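Colleague: I have the structure open and would like to go through a few residues with you. Where do we start?

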Amino acid sequence: MTLENDPLVARMQGFGTTVFAEMTALAIRTGAINLGQGFPDTDGPATMLETAAAAIMGGANQYPPGPGLPELREAVAAQRADRYGLTYDPAEEILVTVGATEAIAAAILALVETGEEVVVFEPYYDSYAAIIALAGGVRRPVTLRPDGGRFTFDPEELRAAVTPRTRVLLLNSPHNPTGTVFTREELEVVADVCREHDLIAVTDEVYEYLTYDGPAAHVPLATLPGMRERTVAISSAGKTFSVTGWKIGWTTAPPRFVRAVQTVKQFVTFTASAPYQRAVAYALREEGKWAEDLRVALRAKRDRLSDGLAAAGLTTFRPQGTYFAQVDVRPLGFGDGREFVTALHERAGIVAIPTQVFYDSDAGDPYVRFAFCKRDEVIDEAVERLHRL
């Protein structure tokens, strides 16, 4: 290799700028409505923000402990116990991370050897593929397909994806980008596969508070029999309290897994964001009502956007959770999500995400993801513009 050649290591070839950064930059550059990247355009609870500001002005600006501030770890432990009946030791079973993305990355790097396999449901959040590649792992995708107005998996396809080289099953529920909230029955299948093949489950639960229909309550995989001891559960404050820029996440797991994840994490960021950690600890203790009000508001926004997408002629999958509505673009004469997203931007001034970028297979070609975590007037303007198609 010479210095003139691309210096990127081979295992990361093909991973360029994320589609989220690409589409957000496009929206900023052209003034388009950004329904692509999933971040809200309003702030979180005022008292939480004031707590962060007071922490900054009060001198909480140096390194917090590597595992995270004790008060935040205690607040996470209380949240898991109160909400799900799961008991974790704040000292040994909880690790604070720089958002859920770092937690997932550190977990995969810590737990997957070169050549070992990770089962993941596609479509998947794009960082999953990149971090599995960085770890030298092998992706084993199981496709989620439409069934009864939501996306789900075939249990036999899941079982067939597991081989003697499989080490980890990476599960995201509530699921980005489909909006599916896996049922207890679906999770029982996942748990059965993990127990039968002695797999570690890494669960991305960042949308745990954002479910919208009665039956679609979030069930942590760790609550199922035999799963707490083999589950690395991950969540964060960003989606729950509308502070995606703070990047405060956490891992809850048995001590041996927390030690493994921290071993990697300490050489990546070591620690971060002491004032924000203090504010998130406050929010987990005191702002449950605010989080519930957000959930109710987002349910209305979901319906507002979903109705508009359907009225524009798109086959719309009304999500059970998350920030995102998934559509099939074929009724409007498009066979490819990228083609539709280009036309959407050029003709209507709206930016969305072609879901096919989250698949290994071609099963996602006709789907596009829209974010509805925006002010009502932004959603209404987007719906009006959609009719230009």
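Modeller: With a term: a residue counts as buried under 20% relative accessible area, as exposed over 50%, and as partly exposed in between. By that scale D213 is partly exposed, because its relative accessible area is 33%. Keep in mind that this is a predicted model.

Colleague: Fine. Which residue does D213 form a salt bridge with?

Modeller: With R302; the N to O distance between the two side chains is 2.9 Å. R302 sits in helix α10, residues 288-311, and D213 in the loop between β8 and β9, so the bridge ties together parts that are 89 residues apart in sequence.

Colleague: Is R302 buried or exposed?

Modeller: R302 is buried, at 4% relative accessibility.

Colleague: What about R304, which residue does its side chain meet?

Modeller: The side chain of R304 meets D376 in a salt bridge, at 3.6 Å from N to O. This pair also links distant parts of the chain, with R304 in helix α10 and D376 in helix α12, 72 residues apart. R304 is partly exposed at 36%, and D376 is partly exposed at 30%.

Colleague: Which residues do salt bridges with shared partners join into one network?

Modeller: D213, R302, D303, D307 and R318.

Colleague: How many salt bridges does the structure hold?

Modeller: There are 24. One of them pairs E71 with R278, with the closest N and O atoms 3.7 Å apart. E71 belongs to helix α3 and R278 to helix α9, so that pair ties together parts 207 residues apart in sequence.

Colleague: And how accessible are E71 and R278?

Modeller: E71 has a relative accessible area of 29% and R278 one of 33%. Each is partly exposed.

Colleague: Change of topic: K265. Where does K265 lie?

Modeller: K265 lies in helix α8, which covers residues 255-265. K265 is buried, because its relative accessible area of 1% is under the 20% cut-off.

Colleague: What is K265 in contact with?

Modeller: Setting aside neighbours within four places in sequence, the contacts of K265 include G66, L95, V96, T97 and V98. E102, A106, F270 and T271 are also among them.

Colleague: Last one, helix α5. How many of its residues are buried?

Modeller: 8 of the 9 residues in α5, which runs over 126-134. Among the buried ones are D126, Y128 and I131. Just after α5 comes G136, which has a positive phi of about 75°.

Note on methods: Residues numbered from 1 in each chain as written. Predicted model: local features only at pLDDT ≥ 70, side-chain atom pairs only at ≥ 80, totals over all residues. Heavy atoms only, no water. Helix = DSSP H or I, 4+ residues; strand = E, 2+ residues; numbered from the N terminus. Buried < 20%, exposed > 50% of the residue type's maximum accessible area, 1.4 Å probe, protein only. Contact = heavy atoms within 4.5 Å. Salt bridge = Lys/Arg side-chain N within 4 Å of Asp/Glu carboxyl O.
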